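The following paragraphs lead through a structural model, beginning with a pocket and moving on to the pairing of strands.

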Amino acid sequence: MKTTKLIKLCALSLSIFLLCSSVATAEPTASPQPQQTYTNQEILQQLLKAKIVYLGETHDSTADHQAQRAIIQEMQRQNGKIAIAMEMFQRPFQSAIDNYLAGKITEEQLVEQTEYDRRWRFPWEYYAPFLRLAKEKQLPVLALNTPSEVTRKVASQGLESLTADDKKYIPPISEIRTDNAEYRQMLLEVFQQHQKSAQGHSTAFERFLQAQVLWDETMAESIATFVKANPDYQVVVLAGKGHIMFGYGIPSRVERRLGVGKVKMRSVLFSSPTDTPLSTDKPIADFVWHHSE
């Protein structure tokens with residue numbers, strides 16, 4: 001696979017290497033080229049039939065968040081059993097989310113107890129409407145992500161550095177698979193954009209790859225565990241598009257855990273007039289949602 005225009009990381013990308021104070025995720029800017037063009041209404045009808053729906057966002061795009069809310073609201077209207085799975089929260093803080101949904105703590109306390117401002121940093125109002133909707137409609141919300149301390153440690157010292165305490169909120173090390181050659185190449189091109197002397201097999205890149213894949217695998221395990229325990233629910237996943245595109249990040253790893261072809265999954269990316277095309281012959285997602293419609 002050739003990817004020639006992987007330009008952009010999310011706002012926290014370089015700090016994983018330069019400051020080791022935040023966690024990076026590969027967020028290429030891309031103009032998705034699926035095999036067929038659908039209207040937004042046609043996309044929505046297809047999503048209603050899926051067990052797991054991935055909505056790959058650009059984190060600072062208000063248009064993406066508005067579209068995500070519209071999709072979730074319609075899915076919930078037609079099927080009350082919807083769970084919202086969110087990259088923006090880390091697994092140790094699931095109990096705080098559950099307490100908020102149960103009315104035991106306020107929204108302000110939720111922000112404080114999940115350490116949202118320190119661990120995610122994008123404005124709370126981007127994501128607050130999803131929590132408010134979930135509370136109103138009594139929808140489960142899943143905290144998907146790896147603790148940032150663990151991801152930082154992997155980025156700086158590798159998976160082999162993790163202690164038993166570090167492994168509490170992540171999958172077994174044997175399940176953290178870095179053997180997808182196309183995903184490796186995609187992440188290498190992102191890495192090299194910001195590390196001019198970087199080599200494909202450098203220690204720094206291998207640790208970057210491990211950290212990214214750990215993030216993917218942890219989120220995938222969270223989703224798969226919920227689906228197995230709640231087979232009557234649909235799950236809508238909110239995550240950066242770098243974790244969704246081509247299925248390399250989260251989707252393929254969920255499918256590996258649930259069984260290939262056993263669960264119907266669909267992925268959506270959101271278009272932008274400033275997108276830069278990727279050169280590849282593989283569909284980047286099942287669907288592209290157009291904000292202009």
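Seventeen residues, given as 17 in the count, line the largest pocket, and those lying nearest its centre are Phe246, Gly247, Pro251, Met265 and Asp286. A pocket here is an open set of points on a 1 Å grid over the protein atoms alone, where a 1.4 Å probe fits, with protein on both sides within 12 Å along at least five of seven lines; lining residues have an atom within 4 Å of a point. The model is predicted, so that local features need pLDDT of at least 70 and side-chain atom pairs count only at pLDDT 80 or more, while totals for chains, interfaces and linings use all residues. Residues are numbered from 1 along each chain as its sequence is written, and side-chain values use heavy atoms, without hydrogens and water.

The largest pocket holds about 340 Å³ of space, the volume being that filled by probe spheres set on grid points joined across faces, edges and corners. Helix 11 (251–258) and strand 5 (265–270) each contribute at least two lining residues; helix 11 gives the most, with four. Helices (H or I, at least four residues) and strands (E, at least two) are DSSP runs numbered from the N terminus.

Strand 4 (residues 234–240) is largely enclosed by the rest of the structure, because seven of its seven residues are buried, that is, under 20% relative accessible area with a 1.4 Å probe and protein chains only. Strand 1 (residues 52–57) pairs with strand 4 in the parallel sense over six bridges, pairing requiring at least two DSSP bridges; Tyr54 stands opposite Val237. Strand 2 (residues 82–90) also pairs with strand 4 in the parallel sense, over five bridges, and Ile84 has Val236 as its bridge partner.

Technical notes
Buried < 20%, exposed > 50% of the residue type's maximum accessible area, 1.4 Å probe, protein only.
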